[in-house]
Amino acid sequence: MKTTTQVGIIGAGPAGLLLALLLQRKGIASAVLEQRSREDIEATIKAGVLEHPTAELLRQLGVGARMDREGFVHEGIELAFGGRRHRIDLPELTGGKTITVYPQHEVIKDLVAAVLAAGISIEFGVTAVSLHDVTSATPSIRYEKDGAAHELRCDFIGGCDGFHGPSRQAIPQALRQEHLKAYPCGWFGILCEAPPSSDELIYAQSERGFVLLSTRSQTVQRMYFQCDPNDHVDNWSDDRIWAEFQARLANGDGWQVKEGRIFQKGIIAMRSFICETLRHGRLFLAGDSAHIVPPTGAKGLNLAAGDVVLLSRAITTYYRQDSEAGLDAYATQALKRIWRGEHFSWWMTQMLHDFEGEDSITRRFRRAQLDYVVSSRAAAMSLAENYVGLPFEGIESV
Ligand code: FAD
Ligand code: DHB
């Protein structure tokens with residue numbers, strides 16, 4: 001079957017769903033294709049931290065009500081090292097800005113409901129997705145659903161299909177400018193039934209490796225510890241996991257992590273990746289399809305949101321003013337914010353993780369950097385400004 005729309009969007013992650021809503025607000029039609037089921041995308045555990053501009057964007061799009069009711073506004077984070085904890089006061093250092101802890105799969109539920117309520121089609125469970133004629137004025141996406149072949153013809157394709165999707169691969173390798181850095185560690189993430197151990201997120205550096213204590217509610221906690229990227233969750237019994245958290249967080253004053261039943265475990269790879277070629281003809285990449293950050297800075301979802309704000313504006317300018325200027329500028333504008341987020345994520349990662357085989361000077365530099373961040377207002381301000389999120393340019397006109 002053949003269908004037509006203005007913007008064909010591949011992927012119903014944060015990037016694809018936000019793009020569909022942003023376009024709809026400007027009267028531009030789109031259709032979303034997603035390979036997984038609705039239940040699956042609404043249950044996949046990923047991010048937790050929404051930057052100030054992302055939370056504002058959700059409110060402006062009319063999808064912030066549940067986040068405001070059920071999410072947690074945090075006014076600080078703690079950096080733990082050398083047996084002590086140091087607070088970074090976010091509003092005090094950023095002129096009043098905060099972060100919101102609200103799980104990505106809850107954001108996805110809110111976005112899916114809003115997209116469907118706006119009458120935008122999301123086809124779940126599509127297979128064999130392929131992109132065609134992307135450098136012509138009439139690109140199309142072919143796919144299969146329930147054994148039948150389909151073609152979605154459009155003016156533009158939004159490649160929002162994450163790191164492993166087909167969109168980036170549709171740009172010839174020779175034209176893609178890519179940068180990759182793999183880190184020699186992963187994050188072991190758990191969800192557990194326990195009360196919060198702290199009112200705020202704790203990012204802890206120790207000689208046994210990094211730990212992050214985050215939260216989901218008064219009864220469910222999200223925690224991570226640095227691990228070997230090739231390790232396997234089966235090697236970690238609950239007792240061994242708790243012993244590792246306690247050892248890495250020991251601070252001499254008797255404070256301990258609150259333990260509880262662990263009901264989810266997983267290992268996450270750590271890499272920095274940027275495909276600077278965000279445009280190929282009528283195909284535009286946004287979100288994880290174009291860039292990946294190590295999770296330490298909590299930037300992935302937030303960078304995806306920044307991309308689609310710019311992309312939706314570029315597409316709107318095309319239809320309203322019959323001008324390609326916005327489309328031509330998309331990559332340059334988006335890459336500024338992407339590189340900032342990439343650098344911050346790398347910076348947080350190298351400051352907080354110890355890597356095997358490092359020389360002693362690197363370890364001492366790490367400690368000097370941590371000491372500086374918690375003792376200099378200028379250094380703390382820089383961390384806080386990046387952590388709460390730099391403004392999306394012109395967000396008020398979304
Ligand atoms: P995705 O969320 O990957 O969505 C892409 C969608 O495309 C998926 O639904 C996928 O099924 C679909 N797709 C793929 N291939 C196809 C195909 N062939 N056809 C159709 N559909 C396809 N970020 C933060 O900002 N803050 C955090 O605190 C944070 N913490 C994180 C913690 C963890 C454990 C992890 C794993 C990530 C974290 N991130 C965080 C990163 C964040 O989750 C991602 O950056 C974000 O999901 C990117 O959104 P996206 O829409 O670009 O891609
Ligand atoms: C969470 C994940 C992150 O990567 C981070 O930096 C902070 C919080 C989380 O899942 O809650």
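Which of the 32 residues around ligand 1 come nearest? Select E34, Q104, D288, L301 and N302 to see them; a residue counts as near if one of its heavy atoms lies within 4 Å of the molecule. Before you go on, note that this is a predicted model, in which local features need pLDDT of at least 70, side-chain atom pairs count only at pLDDT 80 or more, and totals for chains, interfaces and linings use all residues. Residues are numbered from 1 along each chain, chains are lettered from A and ligands numbered from 1 in the order written, and side-chain values use heavy atoms, leaving out hydrogens and water.

**Stop one: ligand 1**

Look for polar contacts (pairs of N or O atoms within 3.5 Å). A polar side-chain atom of N302 sits 2.9 Å from an oxygen atom of ligand 1, and a backbone N or O atom of A298 is 3.1 Å from an oxygen atom of ligand 1. Taken alone, ligand 1 exposes 1,000 Å², and the protein buries 88% of that (Shrake-Rupley method, 1.4 Å probe).

Now colour α9 (300-321), a helix (a DSSP run of H or I, at least four residues). With three residues, α9 gives the most to the shell around ligand 1.

**Stop two: ligand 2**

Next, select Y203, S214, R216, Y224 and P295, the nearest of the 14 residues around ligand 2. In the side chain of S214, an N or O atom is 2.6 Å from an oxygen atom of ligand 2. Y224 places a polar side-chain atom 2.6 Å from an oxygen atom of ligand 2. Alone, ligand 2 exposes 290 Å², of which the protein buries 96%.

Definitions and conventions. A polar contact is a pair of N or O atoms within 3.5 Å; within protein, one must be able to donate a hydrogen and the other to accept it, and residues adjacent in sequence count only if both atoms are side-chain atoms. Helices (H or I, at least four residues) and strands (E, at least two) are DSSP runs, numbered from the N terminus.
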